[in-house]
Amino acid sequence: MGKILTFAICAVLAGFGSVSPALAGGGGGGGGTAIVLPYMELDPLLLPVITEEGITQQVSLIVKIEVSDSSHLEEVKALEPRIVDAFVQDLYGTLSQKNAMVIHGIVNIPLIKNRLKTTATRVAGEDLIHDVLLQVVQQHRV
């Protein structure tokens, strides 16, 4: 029976609820109000890791897309099927590459996060997507 490796990405480490310095008000002098950007949570993405030995793992990702402005949330929601399809197409091959995994076959979180952000930006546009957050990454060896 396969081992289940579960990685809950801590909200602080993943950037959940964080605000970039460029978006924080007040210019660093205190008293400013932080702007919290809206998120769109996707259904879990389930992907196989295929190597020369066949399917060696199943990877499950819970992803949130940080929208650049609340006025764009509905526009990004309308693009969700295209974004999810692009994520699956990109990650299907990526997860099978050696650089997608680190020691002992653990998913390379920064690499995957960067690929997802690049893909979402390509599909929806730079003006709509601010960031992509990985909330949970689960791996199941088969």
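In this predicted model, Glu41 counts as partly exposed because its relative accessibility is 47%, which lies between the limits of 20% for buried and 50% for exposed. Its side chain meets that of Lys64 in a salt bridge, at 4.0 Å from N to O. The pair links distant parts of the chain, with Glu41 in strand 2 (residues 39-41) and Lys64 in strand 4, 23 residues apart. Lys64, at 12% relative accessibility, counts as buried.

The structure holds 4 salt bridges, and another of them joins the side chains of Glu74 and Lys77, again listed at 4.0 Å from N to O. Here both residues belong to helix 2, where they are 3 residues apart, about one turn of the helix. Glu74 counts as exposed at 56% relative accessibility, while Lys77, at 38%, counts as partly exposed.

Helix 3 spans residues 80-94, and its 15 residues reach 21 Å from the first C-alpha to the last, close to the 21 Å expected at 1.5 Å a residue. Its buried residues are Ile83, Ala86, Phe87, Asp90, Leu91 and Thr94. Viewed down the helix axis, these buried residues fall within an arc of 115°, so they line one face of helix 3. They pack against strand 3 (45-51), strand 4 (54-67), helix 2 (73-78) and helix 4 (109-124), whereas the face turned away from the buried side carries the exposed residues Pro81, Arg82 and Gln89.

Asp90, buried with a relative accessible area of 18%, also meets the side chain of Arg115 in a salt bridge of 2.5 Å, N to O. This pair links distant parts of the chain, Asp90 in helix 3 and Arg115 in helix 4, 25 residues apart. Arg115 counts as partly exposed, at 31% relative accessibility.

Methods. Residues are numbered from 1 along each chain as its sequence is written. This is a predicted model: local features need pLDDT of at least 70, side-chain atom pairs count only at pLDDT 80 or more; totals for chains, interfaces and linings use all residues. Side-chain values use heavy atoms; hydrogens and water are left out. Helices (H or I, at least four residues) and strands (E, at least two) are DSSP runs, numbered from the N terminus. The expected span of a helix is 1.5 Å times one less than its number of residues. Buried means under 20% relative accessible area, exposed over 50%, partly exposed in between (1.4 Å probe, protein chains only). The arc is that of the directions from the helix axis to the C-beta atoms. Contact means heavy atoms within 4.5 Å.
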